[in-house]
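Hi everyone, thanks for coming. Today I'd like to walk you through a structure, taking one topic at a time. Have a look at it while I talk.

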Amino acid sequence: MSPRTRSILELVLDNLVWFMLVFVLVVFSAFIPNFFQLGIFANIIEASSVLGVMSIGLALVIIAGHMDLSVESVAALSAMAVGILFCSSGIGIGLQLHPEWLMVPVSLAIALAVGAIIGATNGFLIVRLKMSAFIITLASYIWVRGLVLVISGGRSAQDLAPAIRWFGIQRLAGLPLTAWIAVACFVVFSLILAKTPFGRHLVMIGGNETATFRAGIRVNRNLVIAFVLAGAIAGLAGWLLAIRTSGATANLGVGLLFNAFAAVVIGGVSLKGGVGTLPGVYAGVLLLSAINTAINLMGLPANFTQVIHGLLVLAAVLLDAFKQTIRQKLA
């Protein structure tokens, strides 16, 4: 195989999900009435903001060779904490700060802190005590969701403070600020993963943890940081979720975990660790959002969404195995 053919093939493999996204958008635009509109594309980006942010933290942990099943519940708890403190109806206590803009950084700090504490707990149990990431984060998924029910009593908080809600109302270049926050998160963490020693070490740990440790890299510290980041980013997703819904309910965010996993796998992140990029994950998020939008426009029952997402994940896993086979032949 010539070097030119090899480089083209590697380019296609590295950006396959983006080619899939473009193909899907072209097909939908051609065959679904009213799909090809700027408003529809803006809606696809807007609808993917919460899921996109949550997928970043999940992808970091998976690239490092582990997993975090607790991100959905962590986002729900963070949203509920913000809702109870800063909503004025339901179970919200309507906390007021002066000047009002202080409520933005305070509410964000609370959401991040809630997520980071749970992430640190997960990281300590998994890394320091050598417990299974699957079991620990599954337990966190359950007890954190239970905690949401306990503190809310199954009730909801509504009417989020206008100073915080402002981020969900104001638009820039046709997109709400929450969507730009998601895009900014992808840019920042993509740079961290690709350009910093921490990001490169995470990829190395996911590829071969033992060899990375023998190379003198502090594996345990990096893994704990990855879990803390995953928790804090899930907290940010919860903050965005509270803004989008102007409050919080006990079942807020149910189903996001599965969609986040689907986006990460479709985005090219290997569940074996050591492989994956965040721009690919964002393409996976947009792909899922585009499919959801198409299903809504076609008026299909919502159950079709789960069927298509499941088939997409299955196809992504098979495609990942196929790509690894091709890469081994290219090596």
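I'll talk about aromatic rings and then about a cavity. One thing to keep in mind as you look is that this is a predicted model.

Let's begin with the rings. How many aromatic pairs does the structure hold? There are six. One of them joins Phe36 and Phe41, and this pair is edge-to-face, with 5.8 Å from centre to centre and 80° between the planes. Phe41 has a relative accessible area of 23%, so it counts as partly exposed.

Another pair to find on your screen is Trp166 with Phe167, which is edge-to-face as well. Here the centres are 5.3 Å apart and the planes make an angle of 90°. Trp166 is partly exposed, with a relative accessible area of 41%. Phe167 has a relative accessibility of 18%, and because the cut-off for buried is under 20%, Phe167 counts as buried.

Now back to Phe36 and Phe41 for a moment. Together with Phe28 and Phe35, they belong to a cluster linked by ring pairs.

Next, the cavity. The structure holds one cavity of 30 Å³ or more, and the largest cavity has about 50 Å³ of space. Which residues line it? They are Gly268, Val275, Asp320, Lys323, Gln324 and Arg327. Sorted by type, this lining has three charged residues, two polar ones and one nonpolar one.

That's my tour, and I'm happy to take your questions!

Notes
Residues are numbered from 1 along each chain as its sequence is written. This is a predicted model: local features need pLDDT of at least 70, side-chain atom pairs count only at pLDDT 80 or more; totals for chains, interfaces and linings use all residues. Side-chain values use heavy atoms; hydrogens and water are left out. Rings of Phe, Tyr and Trp (its six-membered ring) pair if their centres lie within 6.5 Å; planes under 30 degrees apart count as stacked, over 60 as edge-to-face and the rest as tilted. Buried means under 20% relative accessible area, exposed over 50%, partly exposed in between (1.4 Å probe, protein chains only). On a 1 Å grid over the protein atoms alone, a cavity is a set of points where a 1.4 Å probe fits but cannot get out, and a pocket is an open set with protein on both sides within 12 Å along at least five of seven lines; lining residues have an atom within 4 Å of a point. Grid points are joined across faces, edges and corners, and a volume is the space filled by probe spheres set on the points. Ala, Val, Leu, Ile, Met, Phe, Trp, Tyr, Cys and Pro count as nonpolar, Asp, Glu, Lys and Arg as charged, and the others, Gly among them, as polar.
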